[in-house]
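Take a moment with the sequence and the model shown here. The paragraphs below walk through them step by step.

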Amino acid sequence: MDPSFDEFLHVPARLSIVALLAPAGWVEFGFLRDTIETSDSALSKQVSALANAGYVAVRKGRDNGVRRTHVRLTRQGREAFQRHAAALEQIVAVARVSPDRADLIDRAEQGQA
Amino acid sequence: MIRGTLMNPHDAQASLDGIHRLQDRTRAEYVRHGFARPYLVISALAMFIVLASFDLPSPWNTAAIGLGGGLAVGSLLVQQRRAPVSRRPTGLELLVCAAMSVGLLLLYVAFSIVAAIAHQKLGLPAHHTVAAAAITLTTVAAWGRVSRVFEATLRRESRHG
């Protein structure tokens with residue numbers, strides 16, 4: 001496996017958060033929650049995990065008395081995401097060049113299951 | 001699905017598709033908020049007030065420019081503050097905005113010339129206000145198309161960037 005493949009990041013909820021953050025600067029917590037279709041607490045948990053890993057930064061503020069939380073990717077998080085996406089693309093590219101290898105992986109996966 | 005150190009290429013492709021879909025959602029939200037109807041209404045009103053102010057005598061024209069400018073700046077500040085997705089515009093985005101502004105300006109000049117001719121030949125009153133109304137209505141009518149062009153620009157730039 002490519003060493004740039006980030007197993008921590010590949011958890012679906014985390015990958016979804018990071019993918020949503022990647023084209024932006026600060027993103028509102030509510031937008032992340034609604035787009036991923038998850039709960040506040042589940043999203044908080046994943047955002048905290050990403051923040052502890054140094055992948056995202058969190059900013060809390062108020063707008064007309066309404067609490068607003070914003071999240072953004074750190075440079076480290078952005079680089080990790082780009083490496084991870086590149087690793088995924090490489091897996092796909094290798095399978096395209098040599099479909100036999102893809103079958104081999106499928107068979108090996110079935111063997112592990 | 002990740003199992004041990006192997007990953008199925010089909011799952012990798014599915015993950016990539018998911019990533020692209022979510023990135024497009026972020027871009028769409030950025031454009032949706034930026035081109036939202038309340039900001040369109042306020043921006044159009046501000047533009048109309050400023051451009052129509054040329055028909056007003058002094059000091060009312062200065063007051064109208066101040067009012068229109070204040071509305072535009074206030075709307076922009078609220079828009080930025082409430083944006084669910086914020087990002088620094090890229091060079092291409094700025095270029096697209098500049099091109100649209102120049103296009104709008106040229107169109108306003110064209111409307112002004114037509115209105116001025118109508119004022120001279122037909123006695124059209126308040127021709128600056130007529131030109132201001134024409135450019136404002138054109139902007140409102142083109143708003144949806146402009147937002148789609150802007151979103152397509154963002155998407156294209158990200159794919160090739």
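This is a predicted model: local features need pLDDT of at least 70, side-chain atom pairs count only at pLDDT 80 or more; totals for chains, interfaces and linings use all residues.

Start with chain A. Its secondary structure comes to 5 helices and 3 strands. Along the sequence, the pattern reads α-β-α-α-β-β-α-α. Of its 113 residues, 31% are buried. Now look at contacts between residues at least 6 apart in sequence. In chain A, 54% of these join residues at least 24 apart.

A helix joins the picture here.

Zoom in on one pair of strands. Strand β2 (residues 56–63) and strand β3 (residues 66–73) of chain A are antiparallel partners over 8 bridges. You can trace the pairing residue by residue. A:Val56 has A:Leu73 of β3(A) as its bridge partner. A:Val58 stands opposite A:Val71, also in β3(A). The hairpin of β2(A) and β3(A) has 2 residues between the strands. There, A:Asn64 takes a positive phi near 55 degrees. As you follow a strand, remember a general rule. In a regular strand, side chains alternate between the two faces of the sheet.

Now turn to the inside. The largest nonpolar core has 34 residues. Those with the most contacts inside this core are A:Val18, A:Leu21, A:Val27 and A:Leu32. Which elements give two or more residues to this core? From chain A they are α1 (12–21), α2 (29–36), α3 (40–52), β3 and α4 (75–97), and from chain B there is α1 (9–34). Another core lies apart from this one and has 11 residues, among them B:Met47, B:Leu51, B:Ala115 and B:Ala132.

Leaving out residues up to four places away in sequence, A:Val18 touches A:Leu9, A:Tyr55, A:Leu73, A:Gly77 and A:Phe81. The other residue is A:Leu15, in helix α1 of chain A. Is A:Leu15 buried or exposed? A:Leu15 has 22 other C-beta atoms within 10 Å. The cut-off for a buried residue is 20 or more, so A:Leu15 counts as buried. Beyond its neighbours within four places in sequence, A:Leu15 is in contact with A:Leu9, A:His10 and B:Ser15.

Chain B has 5 helices and 2 strands. From the N terminus on, its elements run β-β-α-α-α-α-α. Why is chain B described as more spread out than a compact globule? Its radius of gyration is 22 Å, while the globule rule gives 15 Å for 161 residues, so chain B is more spread out than such a globule. Its C-alpha atoms fill a box of roughly 80 × 30 × 25 Å along the principal axes. Buried residues make up 20% of this chain.

End with helix α1(B). At 1.5 Å a residue, its 26 residues should span 38 Å. The end C-alpha atoms are 37 Å apart, which agrees. The buried residues of α1(B) include B:Ser15, B:Ile19, B:Leu22 and B:Thr26.

Note on methods. Residues are numbered from 1 along each chain as its sequence is written. Chains are lettered from A and ligands numbered from 1 in the order in which they are written. Two strands pair if DSSP finds at least two bridges between them. Helices (H or I, at least four residues) and strands (E, at least two) are DSSP runs, numbered from the N terminus. A residue is buried if 20 or more other C-beta atoms lie within 10 Å of its own, exposed if 12 or fewer, and partly exposed in between; C-beta atoms are placed from the backbone. Two residues are in contact if their C-beta atoms, placed from the backbone, lie within 7 Å. A nonpolar core is a set of buried Ala, Val, Leu, Ile, Met, Phe, Trp, Tyr and Cys residues joined through C-beta atoms within 7 Å. The expected span of a helix is 1.5 Å times one less than its number of residues. The radius of gyration is taken over C-alpha atoms; the globule rule is 2.2 Å times the number of residues to the power 0.38.
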